[in-house]
Amino acid sequence: MNSSGYFLSHLWLIPFFPLVSAAVMFFFGRRLPKDAVNLFCVGSVFLSFLHAMGATLKLFSLPADQRVYQQILFQWVTPGAMPTSTGLVNFVADWGCLLDPLSCVMVIVVTFVGFLIHVYSTGYMAHEGGYYRFFGYLNFFMFFMLTLVLANNLLLLFVGWEGVGLCSYLLIGFYFLKKSADDAGKKAFIVNRIGDAGFLLGLLLVAATFGTVRFTSQGLADPTAFSGILQSLASMVAQHQLAHGASVFTTIALLLFFGATGKSAQIPLHAWLPDAMEGPTPVSALIHAVTVVTAGVYLVARMSAIFQLAPVAMDIVAIIGATTAVFAATIALVQTNIKKILAYSSISQLGYMFLALGVGAFAAGIFHLMTHAFFKALLFLGAGSVIHSLSGQQDIRKMGGLRYTIPATSVPFIIATLAITGVPGLSGFFSNDQILGHAFNRHMMVDRYLALWVLGLITAGLTSLYMFRLLFETFYGMSRIPVESEGHIHESPKTMAVPLMILAFFSIVSGWLALPVLWGEQSPFERFLEPSLRGVEKDAGSITFGHHTLLVEYALMAGLVAFVVLGFWLAYKLYLEQPKLHTKLAASWPRLHNLLVHKYYVDEIYDALFVNRIKDLSTALSFFDSKVIDGLCLDGAGWLVRAFSRISMWWDKWVVDALVNTLGWFPKFLSMPVRMFQTGVFSTYAVFILIGLAILLGVYGHHVQTFMRTLH
Amino acid sequence: MEHSSNHLLSVILFTPLVGALLLLFIPRESQNLHRLVGNLFGVLGFIASLSLLIHFPAGSAGYEFKEAADWIPSIGARYSLGADGISVLLVMLTTLLGMLAIASSWSAIQQRTKEYYILLLLLQTGMLGVFLSLDFFLFYVFWEVMLVPMYFLIGVWGSERRLYAAIKLFLYTLAGSVIMLLAILALYFNYAKTLPQGAMGTFDIPTLLAAAQQFPDSLKTWLFWGLFFAFAVKVPMFPFHTWLPDAHTEAPTAGSVILAGIVLKMGTYGFLRFSLPLLPTDAALRAKIIHMVIALSLISIIYGAVVCLRQKDTKRLLAYSSVSHLGFCTLGIFALTPQGLAGSVLQQINHGISTGALFLLFGVLYERRNTSLICEFGGLATPMPNFAAIYLIISLSSLGMPLLNGFIGEFTILQGVFSVSKTWAAWASVGIVLGAAYLLWLYQRTMLGPITHEANKSLPDLNPREYAVLLPLVALAFWIGIYPRPFFAYLEKPVQRIVQQVNPAFYQLTTSPSRTSSISFSSPTSNPVSPN
């Protein structure tokens, strides 16, 4: 495998180019002219794209079972020994790149769409402040997204995962003077963090179970010298240490999926994405709705070997996916902000992808991820072009009839709409059909999957309805544009129009990779991805699909088309033929309409259940801190000390001192008569001497006399 | 060993003290000379400690650069120093933050500069002594010595309620220390009892801790709790933490930096160095004690973070965030696994870097606006874009963004804890979510949005001296985040030694049904120790 060639052995350059460019922007951007910024930022992503293409072509040239290339740059986190189910292991997470069919698809999608976004942005942001800063963020985002998809282990993937979260935060809050933007950025970060906590616990469980977080040891020069999750998993299953459906698999899968619901905006952590539309431009909106959100899908696909062994988790993924798909699609029906409609559409389509993953159709999920990236990017960029030409107007109620005024935008936009709704021949049709087909096949084996298939069909109908509504409201019918801005309508510059055309092209043809399905063969896309998604060896419990005849296949396609047509027909009736009809409809079901307009009150419910409760807790604990610990305990201790000192002072004064004083008083009392004489005054003493002398003389006078007499 | 003739540790330890002595002879009017000498000895101290890094033998598990001399022979107290990988990192942190703290005071301190720098340098020696002592008596002396300058730094150069804060700090810590002294004496006398009649007792730390292994569990338990309070107050652990918010709010910037960056680590250092070997042998009793400490750690993590959300003062908020972060450190220590311990020490370094830098940043604002209230700021990213950028990086490092230092520490701790109890790890991860919440909230309130105060409109951005103080910390944050291996290399062996001593069962896990060899680091399913 030494003949890996330049592109494979320089895989690390793919994320490196945008990183360098981002660093240049952050350090010197302020002083650089716009052209230099363009050169660095667009050029670096283009270089990444070229390297990604080169690596992909090289990979293609290899036989199918050797299409894995891995390189380890250096050992990154080496914290020491860790107990695992197979004994003590020195945990090592390296900094390395892995290119296999799965990451190949992701890298191409990310660099290609990313490149077009960059080109488009040079036009869109031309007159905005902070030009270099915006491009710095974009490049920084590319670095993290590419690190995410090229990572050879789960911990490095987490770096990219958190990094794109950070860039979301920066891009959403790009105009940091606006409070709503800052709030939205913060919300995105924190909601994602909640998911990340799940991700991190899942990662720790992976490490503790398999002793490594490296996805696979394939593709390394000496695979036996390194461990990989896939290899550990295979040997554990082979040795019957862990079996299909083991609770550890379910736990890992659910924890990682919880992380994915955060990043991919699925129930219950979907609430950040619509707010993320606060981002200054459709560009940043697009980054969230097309790129960031696919990270969750990628994660589940990347860990598909474990998910396949956790049927309960798979069912939950499918149920959450299908529910989110319908849930978000219904909200999209009534929103009026063009970016928000597209955001809810993204949530819904992401749900679709998770439905695919959940029923075991990993390749179909990734296929939809790819086609969706093209047509949803086109929709966002088209919407941006509309907003640009209307000088910032985002409310579709104030649009209409733009089809002829801005044809370079409207034609690609129409193509994208046809693609996302699943009109036969365009990309969305094929990927939708793949997902629904697999859900139906699953149902053939297990009855309960019928509901998922039905939900999928309903979503297809709803998608058709809200997308055609958007199309009709924006580009068809009467213009509702305020007269004063009517005159300013202008077509977008070439830098914006050309990316639209390129994306339109791929929105049509990218689905054709599944064309052979039409004559009953396996989709080549699926066949290409198969080695990455194969999982470990099949056993009794593994996922199986029923097989249907070509006739059933056509019937399923017809069913899909029927729902699409139904949606189209409703949209046509409600918004184009009789534009007043939909307002009447809304008025006749005010409760339902309100529920949808308010997004099922999820934000309000979360505020009431969590956000405000944590604030209350914070107030309560702050009170506890100052009043109980400091107040009661410390001041109480202080009071006790003071009280004790007062008691001891009293004791000192009235007992100890009193006793001493009494003892002192006693001789004092006894000595009182003596002290009366000790006046210290000489004359007094003289008097006392005289008195004494007198008394002596009085008492002993006769002796003196007798004595005197004897002398004589 | 060979290094015994070398007096490197003494040089490192007393360089600041020499500076303090020198300052005594400088007249009080020459303020710039005080600053110069203070900074000079800050830098010298750091340079001296660099040689520790260079000469420290790779892969050493024990104490190196040992020095010993008789000090008070009548009681067996000796002047005895030594450093293992853990101490080396903490000493480096101390000299680095000490140097930066001194540098940050250049224009912030205008009064009594002579006394100020003398106290800072004295404090530096006290803290280094704690991390370097191999004699319990010496350790205790340094432990108490550093309290005095800290008391005066807060009490003299602090803001309005400085006296309250200083006395609170003093009393809190002293209460813990007194119990610790009793525990040390109990260790000393119980060891002396085991000696033959007439033999002299010793305060030698390795000897005493090794001897303590043979003590009955009841005695060990008493000794453990005796030391526990001193360390828990220093860390500080819930519910012994309320001195910290006051001390931080009132302390001058350099005081806060040193307090958060180094002083708190003396508590965690004490835990891992002295408390762990005193854990009782009886499994049930031991588990009970560990569970209590872990519970306090988890409460600290969540409690500190939740209380942060309601703070009005930046420094107070950072103080509570320290309680939360240090909760991670104690959690890692009492997981008793190599990863938990290594992660804990690394996180102590990380906290010193991140929170130290945050205090420096708010010191920059304090110097310009003379306030630390959150509501006084807002929209500062407009006048001070470079400040805002560095502050964002440091916030991210504090909240555990990958590629920055905090993530490596938190992840390693979580991994070490996870292998013991998944529940503990799950609770700790709540702290990670809340950490993002309060740090981003603080960032938004101070940096983003429109400018709300006239006075903030024309605030100057960072000046060269401020860059010089902040950028080393930013660089370190990236270094540890991107390439933490050198740091782990210092910790690997000492940590292994501690775990072998206090949790020998850990290494017996190796013999699992599928593997019969002993520690099989290079077996096929495990990761190889070195890339070949």
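The model is a predicted one. The points below treat helices of both chains, the contact between the chains, and selected residues and peptide bonds.

**Helix α13 of chain B and its partner**

- In α13(B), 21 of the 21 residues are buried, so the helix is largely enclosed by the rest of the structure.
- After α13(B) comes Leu336(B), which has a positive phi near 60°.
- The axis of α13(B) comes within 8 Å of the axis of α14(B), and the two cross at roughly 170°. Because angles over 145 degrees count as roughly antiparallel, α13(B) is roughly antiparallel to α14(B).
- On the α13(B) side, the residues making this contact include Leu318(B), Leu326(B), Phe328(B) and Ile333(B). On the α14(B) side, they include Leu341(B), Leu358(B), Phe359(B) and Phe362(B).
- Sorted by class, the contact of α13(B) with α14(B) comprises nine nonpolar, eleven polar and one charged residues.

**The contact between chains A and B**

- Chain B contributes 57 residues to the contact, and chain A contributes 54 residues.
- On the side of chain B that touches chain A, two or more residues come from each of α12 (283–308), α14 (338–369), α16 (405–418), α17 (422–447) and α19 (485–502) of chain B.
- The most is given by α17(B), with nine residues.
- By class, the side of chain B that touches chain A has 36 nonpolar, 17 polar and four charged residues.
- At 1.5 Å a residue, the 26 residues of α17(B) should span 38 Å, and its end C-alpha atoms are 37 Å apart, which agrees.
- α17(B) is followed by Gly449(B), with a positive phi near 80°.

**A helix pair in chain A**

- Helix α16 (residues 362–389) of chain A packs against helix α18 (residues 427–445) of chain A at an angle of about 155°, and their axes are 9 Å apart. This angle makes α16(A) roughly antiparallel to α18(A).
- The crossing in which α16(A) passes α18(A) is left-handed.
- From α16(A), the residues Ala364(A), Phe367(A), His368(A), Thr371(A), Phe374(A) and Phe375(A) take part. They meet Ser427(A), Gly428(A), Ser431(A), Gln434(A), Ile435(A) and His438(A) of α18(A).
- The contact of α16(A) with α18(A) has five nonpolar, seven polar and no charged residues.

**Two buried residues of chain A**

- Ala188(A) has its place in helix α7 (residues 179–210) of chain A. Ala188(A) counts as buried because 27 C-beta neighbours lie inside 10 Å.
- Apart from residues up to four places away in sequence, Ala188(A) touches Ser168(A), Tyr169(A), Ile172(A), Trp272(A), Asp275(A) and Ala276(A).
- Ala188(A) and His270(A) are 82 residues apart along the chain, while their C-alpha atoms are separated by 9.5 Å.
- Ile406(A) lies in the loop between α16 and α17 (407–421) of chain A. With 22 other C-beta atoms within 10 Å, Ile406(A) is buried.
- Ile406(A) is in contact with Ser389(A), Ile489(A) and Glu491(A), leaving aside its neighbours within four places in sequence.
- The C-alpha atoms of Ile406(A) and Tyr572(A) are separated by 22 Å, and these residues are 166 residues apart along the chain.

**Backbone features in loops**

- Most residues other than glycine have a negative phi, and most peptide bonds are trans.
- The peptide bond from Ile267(A) to Pro268(A) is cis, with omega near 10°. Pro268(A) is in the loop between α9 (247–263) and α10 (272–276) of chain A.
- In chain B, Val235(B) and Pro236(B) are joined by a cis peptide bond with omega about -15°. Pro236(B) is in the loop between α9 (217–234) and α10 (243–250) of chain B.
- His240(A), which is not a glycine, has a positive phi near 60°. His240(A) lies in the loop between α8 (229–238) and α9 of chain A, and His240(A) is exposed, with 7 other C-beta atoms within 10 Å.
- Arg112(B), also not a glycine, has a positive phi of about 50°. Arg112(B) is in the loop between α3 (85–104) and α4 (113–132) of chain B, and with 16 C-beta neighbours inside 10 Å it counts as partly exposed.

Definitions and conventions. Residues are numbered from 1 along each chain as its sequence is written. Chains are lettered from A and ligands numbered from 1 in the order in which they are written. This is a predicted model: local features need pLDDT of at least 70, side-chain atom pairs count only at pLDDT 80 or more; totals for chains, interfaces and linings use all residues. Two residues are in contact if their C-beta atoms, placed from the backbone, lie within 7 Å. Helices (H or I, at least four residues) and strands (E, at least two) are DSSP runs, numbered from the N terminus. Ala, Val, Leu, Ile, Met, Phe, Trp, Tyr, Cys and Pro count as nonpolar, Asp, Glu, Lys and Arg as charged, and the others, Gly among them, as polar. A residue is buried if 20 or more other C-beta atoms lie within 10 Å of its own, exposed if 12 or fewer, and partly exposed in between; C-beta atoms are placed from the backbone. Axes are lines fitted to C-alpha atoms, for helices over the stretch in contact, and angles run from 0 to 180 degrees between N-to-C directions. Angles under 35 degrees count as roughly parallel, over 145 as roughly antiparallel, 65 to 115 as roughly perpendicular and the rest as oblique. A crossing is left-handed if the near helix is turned anticlockwise from the far one by less than a right angle, and right-handed if clockwise. The expected span of a helix is 1.5 Å times one less than its number of residues.
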